[in-house]
Amino acid sequence: MTDHLKKIIAFPILAATFSLLLCLSAAAVTNEDMMFINYHIHIGNDLPNDLPAGFPSLNLHCRSADRDIGGRAMLSGEDYSFDTKVDLIATTLFYCNAEWVRGKQQYFNAFVAKRDEHRCRNYHNSCLWSVRQDGIYFSDDNLTWYNAYPW
């Protein structure tokens with residue numbers, strides 16, 4: 001085999017190898033960067049303010065497998081918030097129990113790494129939730145809301 005033929009055969013192999021290494025390193029950097037992002041989870045009490053002044057309309061408690069954020073009795077208009085990062089294997093999960101004093105209750109996943117690590121980056125690395133009369137709403141831009149967990 002001539003040297004010229006060897007070069008013709010070797011070039012596509014080298015180019016493909018270089019491209020593959022470039023893609024793998026870009027993916028690794030992206031996943032590594034995700035671990036350093038601090039995500040902000042906000043849950044607003046947007047239930048009707050029809051109780052006497054000072055009476056909370058919502059009880060909210062959020063936790064993960066290894067971190068309990070705690071429970072809170074919330075007045076209408078109040079915000080419950082906490083921060084988290086995505087773990088190395090993207091299994092971070094925070095779930096919450098929302099109890100409306102009008103007799104409705106709903107468990108919901110406030111942060112799921114594989115679901116939220118990209119969509120919650122749209123608005124200042126925030127996952128936005130709103131507890132309303134007909135369910136628990138989600139927004140990734142603070143403009144468009146959809147009922148993710150109906151009562």
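Which residue of β9 is the bridge partner of I136? In this predicted model, where local features need pLDDT of at least 70, side-chain atom pairs count only at pLDDT 80 or more, and totals for chains, interfaces and linings use all residues, the partner turns out to be Y149. Residues are numbered from 1 along each chain as its sequence is written, and side-chain values use heavy atoms, with hydrogens and water left out.

A strand here is a DSSP run of E with at least two residues, numbered from the N terminus, and two strands count as paired if DSSP finds at least two bridges between them. As a reminder, strands of a sheet pair through backbone hydrogen bonds, either parallel or antiparallel.

Besides the I136 and Y149 pair, F138 has Y146 of β9 as its bridge partner. This second hairpin, β8 with β9, has 6 residues between its strands, and N142 in the turn shows a positive phi of about 65°. As for β8 itself, 5 of its 5 residues are buried, so the strand is largely enclosed by the rest of the structure. Buried means under 20% relative accessible area, as against over 50% for exposed and in between for partly exposed (1.4 Å probe, protein chains only).

The other sheet to look at is also open, with 4 strands in the order β3-β2-β5-β6 and antiparallel pairing. Here β3 (68-74) and β6 (104-112) are the edge strands, and because each has a single partner strand, one side of each lacks a neighbour in the sheet. Neighbouring strands are turned by 15° against each other on average, direction ignored. Between β2 and β3, which run antiparallel, there are 6 bridges, and N59 stands opposite A73 of β3.

Then there are the disulfides, 2 in total, each being a pair of cysteine sulfur atoms within 2.5 Å. One joins C62 to C96, with an S to S distance of 2.0 Å; at 110° about the S-S bond, this link is right-handed. The pair ties together distant parts of the chain, 34 residues apart, with C62 in strand β2 (residues 58-63) and C96 in strand β5 (residues 93-100). Both C62 and C96 are buried. The other disulfide is formed by C120 and C127, whose sulfur atoms lie 1.9 Å apart. This link is right-handed too, with 105° about the S-S bond. C120 has a relative accessible area of 0%, so it counts as buried, and C127 is buried with a value of 0%. With the bonded cysteines numbered in sequence order, the pairing reads 1-2, 3-4.

Definitions and conventions. Axes fitted to C-alpha atoms, helices over the stretch in contact; angles between N-to-C directions.
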